[in-house]
Structure formats: C-alpha cells, structure tokens
Amino acid sequence: MRTFIVEADGGSRGNPGPAGYGALVRDATTGELLAETAEYIGTATNNVAEYRGLIAGLRAASALDPRAAVRVRMDSKLVVEQMSGRWKIKHPDMRPLALEAQGVFPSGAVRYEWIPRERNKDADRLANEAMDAGRRGEKWRPRLREPARGPERPPAVGWGPSTGTPTTFLLLRHGETELTPRKIFSGSGGTDPDLSATGRAQADAVAAALDGVDAVVSSPLARCRQTAEPVAARLGLDVRYEEGFRETDFGTFEGLTFAEAGERYPDAMAAWLASPEAEPPGGGESFTAVARRVAVARDKTIARHPGKTILVVTHVTPVKTLLRLALDAPPLSMFRMELSPASLSEVAYYPDGNPSIRRVNETAHLR
C-alpha cells in the first residue's frame, strides 16, 4: 500500500468572485511530485473553491492508486476541521462537496492536517494560475517545470513557534531470540522464533521500566507479541497488532548468517545492499516496499491515537525505517544505525508533519 500527500487550495477574487483551485500529489516516502491539477470554476466563494481543490486532489491520488493511504494538507482550517469531523458543516453549499470528498477513498484512508499558508505555496500557485487562465478565457495547462523536489520542510523543533501536541512513538525492538546473537536473518518469511530466556527477561525489564504509555501496537510475529504482552499487562492495556510493522521478508536469506548469504548469493547480496529497490532472491522484500508499508502503518497509528504516547513493538528494519524517514535520510543510511535487542528509540510527530527524534538505541532499562 502506498501513501500519498495531497496539498490543495482554492481561492476567490471577490468572495464570491472569479474562483479557481489547485492541488498536487506527492509520494509520502520520497517527496516525489506525482500529479498536479488546477481549474477555473467561475464565480464561487473561497470555501467552495477550497473544497473543489480537495476533491480534485483526492481524485488525482485515487487515479494513481485507489488503495493508497492519503495525508491531506491544507491551509483552510474550515475544511480540515470539517473533514476531520470536529466541526459541523452548517452551510448547505458545503455539505454535498464534503460528501463527495468523503466518497473518493474508503473510510479511514484519509487523514487531514492543517498547515500554515506559507507551506501551501505550490497549491496556492496552481489555484492562481487557474484563475489567471480563466480571466484570459483559457483553460489551465501544466507548465514545463523544474525537476520534482521534495516537500518544503517545516522549521526545526525548538526554533519556531509551538506546533501543538505531538503523537509520540516509543519504538521498542523485540527481545532476543536464539537467532539474535548469531546474527541470522530472521524476517517475516522464516521460522517465526520465540523469545529466548534472555529475551523474556528483557521483556520483563522493559515492562518494569515503562510508564505513561497510552497504547501498545505490535508486529504480529511471535517475538514481538511476547515482548509487547508483559508491558501491556502491567499497564492494563490491550495490544493492537499491525501487519505493517512486521519485519522484512528476507527471501532465501532467511535462516542464514550475513556471511553465509553473501557466500551463497554474492550477486544478489551485492545488489540488495546497493539499491533500496532490489529484492532478496526467493520473493523477499525490497527496502522501498518495506518503507511504504511501514509509513502506512505509522500514519494509521497516528490517526488512531493523535497526541498520545504509543509503544510500538517491532523489528530492526521497521525501527530503522521510521528513524530514517523522520530524518529524511536516504534508505542506505539504515546500514549505519545500530539497534540492540529490547532497545528503545523515540520519535515525536507534530501536527504540522514535523517529526523530532528524541532518543535512539537506549538500553539503560536493561541494566
């Protein structure tokens, strides 16, 4: 499942007056610009134009992948709050537009974020281009543009104004299994080993140390379940299992040490280490594929628990992926991260989309 970012805006020169909208779609993992759309809609209000921009952006995303998860970013507080269900839709002109927007993707697939106007400049530019074209009696057409760039980043945490209450992920790598000290590939396609005696002791140590957790989400694999359950029991919480947080399927590398895999499959190993698009032999997953499903699981978890602290019990690759996505670092940066069994890392996700990494590979609770 892919994740898209939709940026949308609309405007009216007169309110009501000559109006238009603009919207674009980006890949949430890479920031790549995937689609742009804009249209002059005649005489309308700002709010109607904003809703029309939202609908156009959602339709553009659906045309790319109707099964995708979508994060909508708009500077219209009205549209964001109404579509999030926090404000009632009182105006009769808005209700059918809101229903139309709700019907583009399945319920729960779209999450809404308000952003400041200065961070929605691309959609605003498209809306103004459409209005200018309409004034000339022309239809808006995409211009030749510079190569696609990533989304404009918000200011670093601590350097700008308050960005609201973050949703915090405590990322817990599962405890040891019998395979962990031997550094054997153990992913989604292997034997699904249980925790060893050492791993169970590590899980108990985490349970004794953690507090202030509002929810527990875990990979469904046995080693994560057995790590998550003692913590959840002590906190009086249930565990929610999320497929998107399972470990990579390492294909025919499963059950082999790194050295053994390199000896048996030297070309495949070299390709896999060199490119995030490469898949291990035997139907394994590329790092790009893992990043997509981990990003979807992240967004779903944030949407379910906004402003809360969530313990996410998962594996090496998903934890490293969440850290490198928070840093906007390239996929191969994961090879330069170290994560010990039962270690904790922490990422705070602010409402404006700005993540902040607070700790990595902490193991003090195990001493």
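Reply: What follows goes from confidence to the sheet, then to a helix and some salt bridges.

Me: How far can I trust it, and how are things counted?

Reply: This is a predicted model, in which local features need pLDDT of at least 70 and side-chain atom pairs count only at pLDDT 80 or more, while totals for chains, interfaces and linings use all residues. Residues are numbered from 1 along each chain as its sequence is written, and side-chain values use heavy atoms, with hydrogens and water left out. pLDDT is the predictor's confidence in each residue, from 0 to 100; the mean for the protein is 90, and 94% of its residues reach 70 or more.

Me: Where does pLDDT stay under 50?

Reply: That happens over residues 144-154, for which the model has 23 contacts beyond four places in sequence, a contact being heavy atoms within 4.5 Å. Where pLDDT is low, the predicted coordinates should not be read in detail.

Me: OK, on to the sheet. What order do the strands come in?

Reply: Five strands form an open sheet in the order E3-E2-E1-E4-E5, and the pairing is mixed. The edge strands, each pairing on one side only, are E3 (33-44) and E5 (110-114). As for the terms, helices (H or I, at least four residues) and strands (E, at least two) are DSSP runs numbered from the N terminus, and two strands pair if DSSP finds at least two bridges between them.

Me: Which way does E1 pair with E2, parallel or antiparallel?

Reply: E1 and E2 (residues 17-27) pair in the antiparallel sense over nine bridges, and in E2 the partner of glutamate 7 is leucine 24, while the partner of serine 12 is alanine 19. With E4 (residues 69-74), on the other hand, E1 pairs in the parallel sense over five bridges, and there valine 72 is the partner of valine 6. The hairpin of E1 and E2 has four residues between the strands, and in this hairpin glycine 14 takes a positive phi near 140°.

Me: Is E1 mostly covered or mostly open?

Reply: E1 (residues 3-12) is mostly covered, since 10 of its 10 residues are buried, where buried means under 20% relative accessible area, exposed over 50%, and partly exposed in between (1.4 Å probe, protein chains only). In a regular strand the side chains alternate between the two faces of the sheet. In E1, Thr3, Ile5, Glu7, Asp9 and Gly11 point one way, and Phe4, Val6, Ala8, Gly10 and Ser12 point the other way.

Me: Which strands does helix H1 lie across?

Reply: H1 (residues 46-64) lies across E1, E2, E3, E4 and E5, and runs at about 155° to E1. H4 also packs on the sheet, touching E1, E2 and E3, and its direction makes about 140° with that of E2. Those angles run from 0 to 180 degrees between N-to-C directions, with axes being lines fitted to C-alpha atoms, for helices over the stretch in contact.

Me: New topic: how many salt bridges are there?

Reply: The count comes to 29, a salt bridge being a side-chain nitrogen of Lys or Arg within 4 Å of a carboxyl oxygen of Asp or Glu. One of them joins arginine 125 and aspartate 122, whose closest N and O atoms are 3.7 Å apart. Both of these residues lie in H4 (residues 121-135), three residues apart, about one turn of the helix.

Me: Last one: what does H6 pack against?

Reply: The buried residues of H6 (residues 222-235), among them Ala222, Cys224 and Val231, pack against E6 (167-173), H5 (197-209), E7 (215-218), E8 (239-241) and E9 (309-314). Just after H6, glycine 236 takes a positive phi of about 70°.

Definitions and conventions
Expected span 1.5 Å × (residues − 1).
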